[in-house]
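Me: I'm new to this one and would like a close look at a single part of it. Could you walk me through the charged side chains that pair up, and then whatever else goes with them?

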Amino acid sequence: MCSIIGCLHSDSNLDASITLIESMRKMEYRGYDSVGIATLNDNQILLKKGVGRVSVVNQKLSLNDLNGEIGIGHTRWATHGGVTELNAHPHLSAEDKIAVVHNGIIENHLDLKNDLKSHGIIFKSETDTEVIPNLLLSILNKKNEIKSAVIKTVSKLTGQYSFIAMLKNKSLIGVKNHEPLILGLGPDGYVLSSDILGFSKNVNDVIYLDDEQFVIVNSNGYSIYDFKGNPINLTSTKLTKTFETWDKGHYDHFTIKEIHEQTSTILQSGIHSLNEFNTFFNILKNSKRIYITGSGTSYNSALVAKYLFPKIAGMNIEPILSSEMNFFENCFDEHSTLIAISQSGESADVLNAVAFAKERNSRILSIVNTTTSSLVKSSDSFIGLNCGYEVGVAATKSFTSQITILYRLLEKFNPTQKTTSQLNLVVDAISKILNDQKPVIDICNKLKDVDHLYILGRGAHYPIAKEGALKIKELTYIHAEGIAAGELKHGPLALIDNSTYVIMINPKDDSSIYADNISNASEIKSRGAKIIGISNEYDQIYDYWIPLPDVPKIFYPLIEIVPFQLIAYHLSIERGNDPDYPRNLAKSVTVK
Ligand code: G6P
């Protein structure tokens, strides 16, 4: 799972490497363990690649020294083969004739590799990718015609993938098969990219390839075909992207900037989708069964919905992890609706879950940040988070925007809910938490060397406990577990001793669970553990207290996640980690 970029400048004085590096920096959210570039110069493929982020590898290898108006680039999130220079992309065919960058997985790569090996091809890497340039070359050697060689090549590949191949005749081939690929058009030539983020200011128009299509780009223009070889006429759309958000401002990291942005992003969430709220309402009220899906943080939002919908709208909604969707075949038919939640709209698990429900005639509604994403294209209607680019790999502002949209949607079902008129109170409370981070920083000091953390919550606070634990895991690499507080005594209590810290989410809302939580805290204390209470009310049972400002009771889940985001951020710095780019992760996981 990775980002792929290809560039063909119309002016031979413009070096593709400059464009590629700029694109790769912006696409690192798709993977950032290694990077590489190949360009074509004087009929030679020039190649540089290495382990690390774009800035690190560029500094070490001067990627921008590669000349040539045509080139391809890649940022990697390892799937097949370790994080090594040899496994970094681009990969070359035999005789260095074709270079390829690839996103996704070639499922039958072992069979293909063995076959190619039996014909004398030597493989240098452990990747699945390396079969692509070699297969393409072996077919081209026989067919000598690019279009039919591509068709034959893709007929032999199985899996979900996109790739860009650079050929010595100065052409790029971009192939899309259930992984994203977009063609950008501009005065300086063509750019192929996994995401519109990869386009620079001089791409004006874009063409979204569909699945099972490929494009051949050269100095004469471009041609698009489907995998059967039929020419395809796709219309271009104006690129409406804004380019100024890639800036940390006065913050040290994107993550803390994005945590602070929540005071405005919550208010903006969904505001460009006012009609779509009505569409959602009409579809949902006419559905017999409603499911909600997502991955990671977005799934935790789905879990919040499970608690809010019955309480506010008097209706049930069933969360299903996107990666588990195909175990629920009987849930989906023309009477069911699936709400998909996703920041990127590109998570492969989410897209597969949606495809699964769609195949069974269910309606698809999505709550998504990237309104040009594949998820939007698969949906009957969508509501945009409208929270701006989220660069930090650990989702923060997108989570609170997702939850806000759920509240706004619930107001349609139950106007007494009054979300819109009360959101100012929510953002005021978040501002208060952000303006006094001392209680959080003091606690981080105590927690910096712990190996485990347990976070307890009940009702709608339980998904927040899970999301808090996810943030801590992602950024600090401390094992953290979100537990429904009542479940503690059914097992996890065995883990508690006098070295343990337990965080208890315990606002005094109307769910009459406050006293139950205090009893749980007492049981934990009796085993010697320290309690960190997150609440609008102090209790002497807490060894440490992170105060929450008062908000209308139903909105506590929306503000109580913020202390966790701050704990995760500050602890990550204490422990010497990069909070924006945690190890082994990627912002958008585009493989199954
Ligand atoms: C990855 C990210 C998570 C994110 C999840 C879902 O695993 O590391 O932070 O929550 O994908 O992403 P989505 O874009 O679908 O919300």
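Reply: Let's start with E261, which forms a salt bridge with K257; their closest N and O atoms are 3.2 Å apart. Keep in mind that this is a predicted model. Both residues sit in helix α6, which covers residues 254–268, and they are four residues apart, about one turn of the helix. Both E261 and K257 are buried, too.

Now hop over to helix α14 (residues 461–476), where E474 and K471 are also about one helical turn from each other, because they are three residues apart. Their side chains meet in a salt bridge at 3.1 Å, N to O. E474 is buried, with a relative accessible area of 15%, and K471 is buried as well, at 1%.

Salt bridges can also share partners: E28, R53 and D578 are joined into one network that way.

E329 forms a salt bridge with R360, with 3.5 Å between the closest N and O atoms. E329 lies in the loop between β16 (318–321) and β17 (336–342), while R360 lies in the loop between α9 (348–359) and β18 (363–368), so this pair ties together parts that are 31 residues apart in sequence. E329 counts as partly exposed, at 45% relative accessibility.

How many salt bridges turn up in a search of the whole structure? That search finds 19.

Helices α4 (131–143) and α5 (146–156) each supply at least two of its residues. K152, for one, lies in α5 and is partly exposed, with a relative accessible area of 35%.

Methods. Residues are numbered from 1 along each chain as its sequence is written. This is a predicted model: local features need pLDDT of at least 70, side-chain atom pairs count only at pLDDT 80 or more; totals for chains, interfaces and linings use all residues. Side-chain values use heavy atoms; hydrogens and water are left out. Buried means under 20% relative accessible area, exposed over 50%, partly exposed in between (1.4 Å probe, protein chains only). A salt bridge is a side-chain nitrogen of Lys or Arg within 4 Å of a carboxyl oxygen of Asp or Glu.
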